[in-house]
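I opened this model to look up a few residues and their surroundings. My notes follow in the order I made them.

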Amino acid sequence: MPPFPPRPPRGNFNPRFRKEQQQEHRTNHMIRVPQVRLVGDNVEVGVYSTQEALKMAQDQQLDLVEISPNADPPVCKIIDYNKFLYEKKKKEKEMKAKSKASEVKEIRFTPNTDDHDFDFKAKHAEKFLKEGNKVKAYVQFKGRAIQFKERGELLLLKFAERLNDSGVLEGMPKMEGKRMLAIWAPKSQKKKEKPTT
């Protein structure tokens, strides 16, 4: 006997499935109200009969798209519907990307991190902050290196100075077990990225 018995035909589910496939905005002849308010760059803003609005859309070889169905009368735009959907999805994607919970990226130093390594890690941290993530930098002390706590603090403060343009230090460096750490949050205002030289 086969592990999965064949499914019974699901004929009666089809109409529901088709309903879900409907587009999210009424367009052209789906708009069945007597009049609409037209907005947008390519029209004189105002209330028109739906027939007139449809004719204007056809003349421009575009679609009449209802963007605010609950307004009285509903608000429509004359646009290329596919392009409109594409732009809308793109905008939603960007919003989602911006609002996605920011991650905390870790950057690890030792008390003896050299300038080259410091520079390399600072560039990474700047990139993380510009992408909207937090940065947690810590100095790991091993064995007797714990005697050089102030060296770790100086390193993190130097790091804070370096990240001044892209991040905000959330508090002074603090010890946690055998490591000293500090956390930066991205600066909210979008600064223009300086070209890296």
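**Thr113**

I started with Thr113, which is buried, with a relative accessible area of 14%. Buried means under 20% relative accessible area, exposed over 50%, and partly exposed in between (1.4 Å probe, protein chains only). I found Thr113 in the loop between β5 (104-109) and α4. Helices (H or I, at least four residues) and strands (E, at least two) are DSSP runs, numbered from the N terminus. A polar atom of the Thr113 side chain lies 2.8 Å from the backbone oxygen of Thr110. I then left aside neighbours within four places in sequence and found Thr113 in contact with Phe118 and Leu155. Contact means heavy atoms within 4.5 Å.

**Ground rules**

This is a predicted model, where local features need pLDDT of at least 70, side-chain atom pairs count only at pLDDT 80 or more, and totals for chains, interfaces and linings use all residues. Residues are numbered from 1 along each chain as its sequence is written, and side-chain values use heavy atoms, with hydrogens and water left out.

**Confidence**

The protein chain averages a pLDDT of 83, and 82% of the residues score at least 70. Residues 11-21 have pLDDT below 50, and this stretch has zero contacts in the model beyond near neighbours in sequence. pLDDT is the predictor's confidence in each residue, from 0 to 100. Residues 190-197 also stay under 50. For them the model has four contacts beyond four places in sequence. Where pLDDT is low, the predicted coordinates should not be read in detail.

**Rings**

How many aromatic pairs are there? I noted five. Rings of Phe, Tyr and Trp (its six-membered ring) pair if their centres lie within 6.5 Å; planes under 30 degrees apart count as stacked, over 60 as edge-to-face and the rest as tilted. For Phe118 and Phe159 the ring centres are 5.7 Å apart and the planes stand at 75°, so this pair is edge-to-face. Phe118 lies in helix α4 (residues 115-130) and Phe159 in helix α5 (residues 149-162), so the pair ties together parts 41 residues apart in sequence. Phe118 is buried at 6% relative accessible area. Phe159 is buried at 0%.

Phe159 and Trp184 have ring centres 5.3 Å apart and planes at 85°, so they too are edge-to-face. This pair links Phe159 in helix α5 to Trp184 in strand β9 (residues 179-186), 25 residues apart. Ring pairs link Phe109, Phe118, Phe159 and Trp184 into a cluster.

I also checked charges over rings. Lys158 lies over the face of Phe118, 4.3 Å from the ring centre. Arg179 lies over the face of Tyr138, at 4.1 Å from the ring centre. The rule is NZ of Lys or CZ of Arg within 6 Å of the ring centre and within 35 degrees of the ring normal.

**Backbone**

Most residues other than glycine have a negative phi, and most peptide bonds are trans. A cis peptide bond joins Asp72 and Pro73, with omega about -5°. I placed Pro73 in the loop between β3 (63-68) and β4 (75-79). Gln61 is not a glycine, yet its phi is positive, near 55°. Gln61 lies in the loop between α2 (50-59) and β3. Is Gln61 buried or exposed? At 74% relative accessibility, Gln61 counts as exposed.

**Whole chain**

The protein chain has five helices and nine strands. Of its 197 residues, 29% count as buried.

Terms used:
A polar contact is a pair of N or O atoms within 3.5 Å; within protein, one must be able to donate a hydrogen and the other to accept it, and residues adjacent in sequence count only if both atoms are side-chain atoms.
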